[in-house]
Amino acid sequence: MVVATFPADQWREYVQDPGREGIFLVLAAFLGSFLFIRTSARMSRSDRFPWWPGSVVTGGVHLHHLVWGICLMMAGGTLGFALGGQAPWFQVSAVVFGIGVGLTFDEFALWVYLRDVYWAREGRQSIDAVAVTAAFMGLIFLGINPLQIATGDDVLATAVSAGYTIGALLVTGVCFAKGRFFHGFGALLFPPVGLWALVRLGKPGSPWARWLYGDRDPGRQQKAEERFSDHRRSAVLVERLRAAIGGFPADVPSGPKCAEDAASAARREHAASVEAALEVQARAMAEAQAQARGDHRAGRH
C-alpha cells in the first residue's frame, strides 16, 4: 500500500500543491513531442525504415510540422484561457500546448534562415533552442523565479531586490548574447556565476561576436575562433550529443574538387549573364536601326 501510494503522494506534494502542475505537463509534453518528431524524421530519412509513414511523398506541397505546432499552441492557449483553468481541461490544454511547442521548436532553424535547413549544419540551432527552452522550463518548474521582487513597507529592501533582479537579468542576457548558455543559466541561480562570462570572450558565432568582433575587431575575432575551436573536448562532446539527438547533418562536400566545381559553375553563370546582356544590347541596336530606317523613308515620302 505504501509503495502504491508513493507516486501519488510525490505528485501531490511536489507538483500539485506548489501549483506547478501546468508547467510540468507543458515541459513533459514538449520533450515528448520533440523526441517523437525528431525520431520520426530520422526514421523517414533512413533507408532501413521504408515502411515508416513519414517516408511517403504525397505531392509538391509540404506542410512542415512547424505549422501543426503553431496550430496546437493556438488551440491549447485558447482552450486554457477560455475554460478558466477548470479540470480536466486545464491539464488537456497544457499538454496540447506543450506538444505544439515541441513540434515548433524542432524546426527553430526554419524561423531563423527562412528555408529548410533541417538536415543542414545550420539546423543544429534547433537542437540548441530545444535545450535552452527545456532548461528554462525546468528552472521554472523547480520554483526558480529571477523576476520575483520582494514587496513590503521596507523601501530599501524592495529597491535592493529590484536591483538584484535587474542585474541578474542583465548578466544572463550578456551571457546568452556571448553564446555562453551554461553561465547564463547559472547566473539565474547565482548571478556571480555569470560575471566570469562578462570578462571572457564570446563565442565566434554568437550575436556578441557579430556586433563587436569581426571587421570591427579582427584580433578578438581570431582569439575567439582559436579559443572555441571545433577540436576542443567540450565541443566534440557537444557535437556528439547533438548528433545522437538530431542525427548527422547532410554537409555539402568540401575540398579542392568541390571548390573547382563551384568556381566553374560561377564562371559559367557569369558567361551566360554576359551573353544574355550582349544579346539584349544587340536586339536593342537592331530595333533602333530599323526604326531609324523607317523614319528616313517616311521623311523622303
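This is a predicted model: local features need pLDDT of at least 70, side-chain atom pairs count only at pLDDT 80 or more; totals for chains, interfaces and linings use all residues.
**View 1. The chain read from end to end.** In total, the chain has 13 helices and zero strands. Of the contacts with a separation of 6 or more, 59% join residues 24 or more positions apart.

View 2. Of the 301 residues in the chain, 27% are buried. The chain exposes about 20,200 Å², and 65% of that area comes from carbon and sulfur atoms.

**View 3. Helix α6 meets helix α12.** Take a look at α6 (residues 124–141) and α12 (residues 233–246), which pack with their axes 10 Å apart at an angle of about 95°. Angles of 65 to 115 degrees count as roughly perpendicular, so α6 is roughly perpendicular to α12. On the α6 side, the contact is made by Arg 124, Ile 127 and Asp 128. Helix α12 brings Glu 239, Arg 242, Ala 243, Ile 245 and Gly 246. Sorted by class, the contact of α6 with α12 has four charged, three nonpolar and one polar residue.

View 4. The average pLDDT of the chain is 80, and 81% of the residues score at least 70. Among the elements of the chain, helix α4 (residues 89–105) has the highest mean pLDDT, 95. The lowest mean, 63, belongs to helix α13 (residues 256–300). Please read residues 252–262 with care: the pLDDT there is below 50. Beyond near neighbours in sequence, this stretch has one contact in the model.

Note on methods:
Residues are numbered from 1 along each chain as its sequence is written. Side-chain values use heavy atoms; hydrogens and water are left out. Axes are lines fitted to C-alpha atoms, for helices over the stretch in contact, and angles run from 0 to 180 degrees between N-to-C directions. Helices (H or I, at least four residues) and strands (E, at least two) are DSSP runs, numbered from the N terminus. Angles under 35 degrees count as roughly parallel, over 145 as roughly antiparallel, 65 to 115 as roughly perpendicular and the rest as oblique. Contact means heavy atoms within 4.5 Å. Ala, Val, Leu, Ile, Met, Phe, Trp, Tyr, Cys and Pro count as nonpolar, Asp, Glu, Lys and Arg as charged, and the others, Gly among them, as polar. pLDDT is the predictor's confidence in each residue, from 0 to 100. Buried means under 20% relative accessible area, exposed over 50%, partly exposed in between (1.4 Å probe, protein chains only). Accessible areas come from the Shrake-Rupley method with a 1.4 Å probe; for residues, only the protein chains shown count as cover.
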